[in-house]
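Q: I would like to learn how to read a few features of a structural model. Could you take me through them one by one?

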Amino acid sequence: MMNEKSATETRLRALLLSGMAGDGAAYHVFLKELSAHFRAFFRRRLIRLPDDVEDLVQETLLAVHNQRHTFEPDQPLTPWVHAIARYKLVDLWRRRADREALHEPLDDQMEVFAASDAEASDARRDVMNLLERLPERQRLPIRYMKLEGLSVVETARATGMSESAVKVGVHRGLKSLAAMIGGNS
Amino acid sequence: MKTDDFVNLLANGIEPVKSGATARRHALALGWGGLGAMLLMATLLGVRADLAAAMRLPMFWVKLLFPICIALAALFAAMRLARPGVALGRAPLALLVAPVIGIWAMAAYALVSVSPEQRLTLLLGRTWTVCPLLIVMLSLPTFAGAFWAMKGLAPTRPALAGAAAGLLAGAVATAVYALHCPEMTSPFLATWYLLGMALPTAAGALLGTRLLRW
């Protein structure tokens, strides 16, 4: 088990670092594998709230994405990912103010990379609806770049925005999305 | 939206991310906050007229180094608390406690060295009523800067992260205030300088839980 986990750490860390250098394909694999680990982790932690698991997986992926600049190349991945997953889990519990759920043990022995579950259930929250509520200067760059896969240059041309405004729009839009989900916008 | 589609959305069109964001943001917060405090001190309070003479006295350097040590401890703590999965460790606490114990020891020695009727004068000086409040006022620029820095990072312990940001602001403000302040006794520093730093720290802890969510 130990070896399997440290192999996961090594592989995912290399994928994240490639992703942070701009390699979209590596980053895609990283997020995909991470979502399976989050799913298994949250399923075991949210026994009484099974319908919230997939929403929390997406919310935590968004947190990893938005906060990836806090990951430094000299740092191990497991504690970083674990701290984010744990933070989002506690945040959900607090929002639910579900005292019963809080009694489920949250110990550090349960590691995020201990298990993986590729079988996604449906998310209840539709991210598309939330994206529609963003202001245009954030919504349009996200739609063209993130949903339709256009480049920065093509998105700038399609929207009439500058290239830096497109990048800022995507960045701020995903931050606003996280704030809307967390109910602290 | 299915999670696979959401992963596609996040991974599409990503830009390279530079490392060192935590250090960059804190350098900016400290630079602008320190500059703001200097400007406030110079324009509203004024540098003490006898600064050149005071600089020849060891107590002046104690007065300056005491908050600078605490600022370093706070900066160290803030930069660790800003990143998920990075343990706070004992080093920042040791760096914080050492100067406090040092100044308390100096203060205790100074107080027992004088006659009982002189002790109150040593403790209160002439400016004890304004000192903590002026430090709080000078802490505002760094307070805003340190919260901006922390808000753009990922503190998983928001109250503690807010406290570290507040302590950083209070300590920078105190070091700047020392260039104005005429008091030269260790009992005064051990009480009122410390209170001046504690107030922004408490405010930071309270605001942290509200403002530092992500």
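## Reading the model

A: Along its sequence, chain B runs α-α-α-α-α-α-α-α-α. The model is a predicted one.

Q: How many helices and how many strands does chain B have, and what box do its C-alpha atoms fill?
A: Chain B has nine helices and zero strands. Taken along the principal axes, the box filled by its C-alpha atoms is roughly 75 × 35 × 25 Å.

Q: What is often given as the size of an interface?
A: Often it is the accessible area lost when the parts come together. Here chain B and chain A bury about 3,700 Å² between them, and 58% of that area is on carbon and sulfur atoms. Within chain B, the residues that lose the most area to chain A are B:Met1, B:Arg213 and B:Trp214; together they account for 21% of what that side buries.

Q: How many residues does each chain bring to the contact?
A: Chain A gives 54 residues and chain B gives 33 residues.

Q: How many salt bridges and polar contacts are there between chain B and chain A?
A: There are three salt bridges between the two chains. One of the bridges pairs A:Asp91 with B:Arg213, and their closest N and O atoms are 3.3 Å apart; the cut-off for such a pair is 4 Å. B:Arg213 is also among the residues of chain B that lose the most area to chain A. As for polar contacts, 19 residue pairs are counted between the chains, with both residues at pLDDT 80 or more.

Q: Which elements give two or more residues to the side of chain B that touches chain A?
A: They are helix H1 (3-11) and helix H2 (21-45) of chain B. H1(B) provides the largest share, eight residues. By class, this side of chain B divides into 18 nonpolar, ten polar and five charged residues.

Q: How does one find where empty space is left?
A: A probe the size of a water molecule is rolled over the atoms, and this shows where empty space is left. A search of the whole structure finds one cavity of 30 Å³ or more. About 40 Å³ of space lies in the largest cavity.

Q: Which residues line the largest cavity?
A: The lining consists of A:Glu59, A:Leu62, A:Ala63, A:Gln67, A:Lys88, A:Ala178 and B:Trp214. Helix H3 of chain A (residues 53-66) gives the largest share of this lining, three residues. The classes are four nonpolar, one polar and two charged residues.

Definitions and conventions:
Residues are numbered from 1 along each chain as its sequence is written. Chains are lettered from A and ligands numbered from 1 in the order in which they are written. This is a predicted model: local features need pLDDT of at least 70, side-chain atom pairs count only at pLDDT 80 or more; totals for chains, interfaces and linings use all residues. Side-chain values use heavy atoms; hydrogens and water are left out. Contact means heavy atoms within 4.5 Å. Buried area is the accessible area (1.4 Å probe) that two parts lose on being put together, summed over both. A salt bridge is a side-chain nitrogen of Lys or Arg within 4 Å of a carboxyl oxygen of Asp or Glu. A polar contact is a pair of N or O atoms within 3.5 Å; within protein, one must be able to donate a hydrogen and the other to accept it, and residues adjacent in sequence count only if both atoms are side-chain atoms. Helices (H or I, at least four residues) and strands (E, at least two) are DSSP runs, numbered from the N terminus. Ala, Val, Leu, Ile, Met, Phe, Trp, Tyr, Cys and Pro count as nonpolar, Asp, Glu, Lys and Arg as charged, and the others, Gly among them, as polar. On a 1 Å grid over the protein atoms alone, a cavity is a set of points where a 1.4 Å probe fits but cannot get out, and a pocket is an open set with protein on both sides within 12 Å along at least five of seven lines; lining residues have an atom within 4 Å of a point. Grid points are joined across faces, edges and corners, and a volume is the space filled by probe spheres set on the points.
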